[in-house]
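Here is a short report on charged pairs and strand pairing. Please look over the sequence and the model before reading on.

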Amino acid sequence: MLIRGTFVQCPKLGELVILSDWLAAVDDSGYITHFENAESSTSLELQRVRTALILPLGTFLLPPFNDLHLHAPQFLYQGTGLDLPLLEWLHQYAFKAEEKLDSDPVLARTVYRRLGQRLVKAGTGAVCLFGTLKGDTNMILAEEMQSTGIRAYVGKVSMDISSRPSYIEASSSAAVDAARAFGEKLEQTYSVTSQSRPSLVHPVITPRFVPTCSDELLHGLGALSAEKGWRIQSHMAESSDQVEWVRKERGEDDIHIFKKHNLLTSRTIQAHCTFISSSSPPSSKPFVDLHALGTAIAHCPLSNIYFSASRAFPLREALEAQIKIGLGTDIAGGYSLDVMSAMRMAVAVSRIREGERVRTVSSDHGKSLAIDWKESLFLATLGGAQALGIDSGIFTVGAPFDAQQIRLFDPRSGIGAGALDFFELEMVVTKCHEESYKKPDLTEEMIEKWWCIGDERNREAVWVQGVKIFG
């Protein structure tokens, strides 16, 4: 496949690159084999022997989003039940929904199929999923993600402690055995796709969080991850009530418990980490420790507002510690499946933190705690890919061709797509029909407008591993 047009990406935090009129060549396995200006000698030679798909004016390609934290069964009640503190909410809503899907495979398949469809429409190309306790239900989740064509890390939840007696595993050893059996079955089922492409669906070891996992279970899961090389996901220091419960019942903090059981590794993504430091302002030591371990963080700004309201995640401090960070929607603790909402919320929360910093210190000198829209776009794309340990998130030779096609305006009229308006551009595009008039290039301001108020109406196509899965 050859595709020619404007490519947009964030190769590093805070940097946005717009590559106008470039050409990408993609091989049969879905990898980029050529990426240069469309008028380079090599690009022209490729176009002489193969026909390129040419993107129209007003359209660009961007790496798809990576959602690092989503509870798939909780999609059943997305947008409801956000009226309780975290531990009560889990008992009242989350466990019931998960148990319901475990008992009804037809409902589970319906929910998971719709989830995959919604994710792709929202521009998500990779997702890290919490499932349920039952292996068969998690295989349904894997099947639906594979069918959708999305990159999916599917986690069979492990928990041997629960406030709901009917939703718990029999013992720590049974839970470890079940995690092993699920992971091995998933790998055997999806080791290679029928087109000889790399598998897009993988197991991830998923201790729910410390309050639902005994030390024996955590130890067993840490050993299983080391043996298999499987990724790990969990929640860490999410809310004040959760943190206090762990200190009271276990006598130490989340981070120390996970670390001693070998669950903080370069293959680990921990969601939230809002209360990882008890000091105010937050101490940098926990972040330095996580960086040294290679552990990534899934920043979930929307659900943090509901369940960590007394404190905002110290995002700038974590970035300064060079931790791998991406964004998570945290369905259903967060009500929006769209990573664009997570980006906007991450910026808004960081600006509130910066305002509080300036208000409470004697001088406003120092590093701003606010992030900007370009930094959030990095977190949603390449930052998330780095946290997942995948090579996507950027257009370069050797990377998989993962992309979403975004329409900003109609090339014939200049009228904005969806919620976008470019009034001056409408006049300019009309003149583009004159042969001597230069067609306008896309600008940062246009992309920022899309970042602020764009939606699904702007998304025309999505590719994962070179396969068009939407549009």
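Lys 285 and Asp 289 both sit in helix α9 (residues 285–293), 4 residues apart, so about one helical turn separates them. The two side chains form a salt bridge, with the closest N and O atoms 2.8 Å apart. Lys 285 counts as exposed because its relative accessibility is 52%. Asp 289, at a relative accessible area of 25%, is partly exposed. This is a predicted model.

**Salt bridges**

The structure holds 28 salt bridges. Three of them are set out here.

| Pair | Closest N to O distance |
|---|---|
| Lys 285 and Asp 289 | 2.8 Å |
| Arg 151 and Asp 402 | 2.8 Å |

Take Arg 151 and Asp 402, which form a salt bridge. Arg 151 belongs to strand β8 (residues 151–155), while Asp 402 lies in the loop between α13 (373–388) and β15 (403–407), so the bridge ties together parts that are 251 residues apart in sequence. Are Arg 151 and Asp 402 buried or exposed? Both are buried.

Helix α12 (residues 339–360) holds both residues, 3 apart, which is about one turn of the helix. Glu 354 is buried, and Arg 357 is buried too. Elsewhere, salt bridges that share partners link Arg 109, Arg 113, Glu 143 and Glu 144 into one network.

Which strands pair with β8? Strand β7 (residues 124–130) runs parallel to β8, and 5 bridges join the two. Phe 130 has Gly 155 of β8 as its bridge partner. From β7, the chain passes through helix α4 (residues 135–148) to reach β8, and this β-α-β crossover is right-handed. Strand β10 (residues 201–207) also runs parallel to β8, joined by 3 bridges. Here Val 154 has Pro 203 of β10 as its bridge partner.

**Strand β1 and its neighbours**

Strand β1 (residues 2–12) is mostly covered as well: 9 of its 11 residues are buried. How does β1 run relative to strand β2 (residues 15–26), parallel or antiparallel? The two strands run antiparallel, and 8 bridges join them. Leu 2 stands opposite Ala 25 in β2. The hairpin of β1 and β2 has 2 residues between the strands. In this hairpin, Gly 14 takes a positive phi near 85 degrees.

β1 has parallel pairings too. With strand β4 (residues 53–54), β1 pairs in the parallel sense over 2 bridges. Ile 3 has Leu 53 of β4 as its bridge partner. With strand β5 (residues 59–62), β1 again pairs in the parallel sense over 2 bridges. Thr 6 stands opposite Phe 60 in β5.

**Putting it together**

Conventions: Residues are numbered from 1 along each chain as its sequence is written. This is a predicted model: local features need pLDDT of at least 70, side-chain atom pairs count only at pLDDT 80 or more; totals for chains, interfaces and linings use all residues. Side-chain values use heavy atoms; hydrogens and water are left out. A salt bridge is a side-chain nitrogen of Lys or Arg within 4 Å of a carboxyl oxygen of Asp or Glu. Buried means under 20% relative accessible area, exposed over 50%, partly exposed in between (1.4 Å probe, protein chains only). Two strands pair if DSSP finds at least two bridges between them. A crossover is right-handed if, with the strands pointing away from the viewer, the path from the first strand over the helix to the second runs clockwise.
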